[in-house]
Amino acid sequence: MTTTTEPVAASPTLARLPHRRVKVGLVAGGLGAYWPQFPDLLPQLQRSAARVSEKMHALGADVVDVGFISDAQEGAAAAEKLRVAGCDIIVGFLTTYMTATMLLPIAQRSDAPVLLINLQPTEAMDHASFDTGQWLAYCGACPLPEMANTFTRCGIPFRSVSGYLEDERAWARIARWVKAAGVRAALRRGRHGLMGHLYPGMLDVSTDLTMVPANFGGHMEVVEFDDLRIRVNTATEEQVRAKMEQAREIFEVTDSVVDEDFQWAARVSVGLDRLVEDFELDSLAYYHRGLEGEQHERLGAGMILGASLLTARGIPAAGEYELRTSLAMLIMDRLGAGGSFTELQALNFFDNVVEMGHDGPAHLAISDGKPLLRGLGVYHGKRGWGVSVEFDVKHGPVTAFGVGQTRDGRYAFLASEGAVVAGPRLQIGNTTSRVDFGCDPGEWTDAWSASGVGHHWALGTGHQVAELRAVAELLDVEFRELRV
């Protein structure tokens, strides 16, 4: 069973940044030869088309509805309207039989994924009373093989959903494709920041920047730590105080937090907000090693608070220069699953759970309780000191999701579904979740490590494999689900 969640900000001060809504191009059609033969048929089909348009709007989409087409000429005109509109997905509603020439130009010109839907008026015909005209309103399945055959021969990928107008199962599948199209659009239009340099020696993290637009589309923006430095240095005392007040509302600030470090983290957070705004970033991956307390080291050490606040607002920020994981976090966020920066921490063979999380930024909107700010006198494996975030992901169904890279440079989606369960966690300023994958934790860890995932990934709420599989198909990316 697929479950999804809509991340809710931990407080009103964590309102998500506005993101572009998915744009659905909708066209309905049927064979015009029927209309003079059966006068009541077209009005009935148009009512069905209006209901589909209404339900598409209810999915939260911006719908470009080009109306009802009855022949190839009208199909060509609709194709041009949808081409100009720049839709994220084209939905063709097969209301009754129609020829492939009516939809083919729409699919060819749109530069968007195509979804064919066949939704008959009700669950079944009334065979005792129906005449030919009434039967034809239930005949949307008839042209589906024709469309599929034609699209396949023309090299056009497609997918289809069959059901009836008020079929919740069918609409759940339709919603999945619409949501997946929105994720694809976010990647294709996204501006992804990369700031600093690779954590020395992390070969799995190393990513050729060209491969991001090659696999997903979008733009890579290389940002300097000096770009952050000048924005941090110009933060006003009023802005810093406001950021600290925001943090106090969202976090439980523990006694371990040193006020000077808290102020610095807030100042860096103000600078990060400016950086994201000025470069129009949709995601950010960062790391800087630094030396002996110099300012760039202090900037890197002060990132955790601001990066966590950005992530919760829909701008995922990942440490250790983890570009592919920042993209995985973005995908999970746009699916409504959050997506927190995660790696393996330890295995618990008494409780059969895998303990996973990370020091550094977290997706605060999916915290199981009020997250903590903890002061650390030293960071493990990194230079510097300061405040860090401690929390666990909401208890219940979760999905581990990573973007792997194959030897030939292509990306692959890697996912595994489990559940976060309650239990003891370390109190060391890290995010930690105890995940039960329904099997021996050692066997799961071996299989997950062999899947091609890097040593970081996104942990999100809900079981998202079906949604991720749909996104992978629209992106033409390999999908691998781990089941042990």
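## Surface and Overall Form

The protein chain exposes about 19600 Å², of which carbon and sulfur atoms supply 51%. The structure is a predicted model. Of the 484 residues of the protein chain, 57% count as buried.

The protein chain contains 16 helices and 19 strands. Its radius of gyration is 25 Å, close to the 23 Å that the globule rule gives for 484 residues, so the chain is as compact as a globular protein of that length. Along the principal axes, the C-alpha atoms of the protein chain fill a box of roughly 85 × 50 × 45 Å. Among contacts between residues at least 6 apart in sequence, 79% join residues at least 24 apart.

## Charges and Salt Bridges

## A Link Between Helices α10 and α11

D273 forms a salt bridge with K243, and the closest N and O atoms of the pair are 2.6 Å apart. This pair links distant parts of the chain: K243 belongs to helix α10 (residues 237–250) and D273 to helix α11 (residues 259–279), the two residues being 30 residues apart.

The two partners can also be described by their accessibility. K243 has a relative accessible area of 8% and is therefore buried, as the cut-off for that class is under 20%. D273, with a relative accessible area of 22%, is partly exposed.

## A Pair Within Helix α10

A salt bridge also joins the side chains of E245 and R248, at 3.9 Å from N to O. Because E245 and R248 are three residues apart in helix α10, about one helical turn separates them. E245 counts as partly exposed at 40% relative accessibility, and R248 is partly exposed with a relative accessible area of 38%.

## A Link Between Helix α16 and Strand β19

E481 and R469 form a salt bridge in which the closest N and O atoms are 3.3 Å apart. Here the pair links distant parts of the chain, with R469 in helix α16 (residues 465–475) and E481 in strand β19 (residues 478–481), 12 residues apart.

E481 is partly exposed, its relative accessible area being 24%. R469 likewise counts as partly exposed, at 40% relative accessibility.

Definitions and conventions. Residues are numbered from 1 along each chain as its sequence is written. This is a predicted model: local features need pLDDT of at least 70, side-chain atom pairs count only at pLDDT 80 or more; totals for chains, interfaces and linings use all residues. Side-chain values use heavy atoms; hydrogens and water are left out. Helices (H or I, at least four residues) and strands (E, at least two) are DSSP runs, numbered from the N terminus. The radius of gyration is taken over C-alpha atoms; the globule rule is 2.2 Å times the number of residues to the power 0.38. Buried means under 20% relative accessible area, exposed over 50%, partly exposed in between (1.4 Å probe, protein chains only). Contact means heavy atoms within 4.5 Å. Accessible areas come from the Shrake-Rupley method with a 1.4 Å probe; for residues, only the protein chains shown count as cover. A salt bridge is a side-chain nitrogen of Lys or Arg within 4 Å of a carboxyl oxygen of Asp or Glu.
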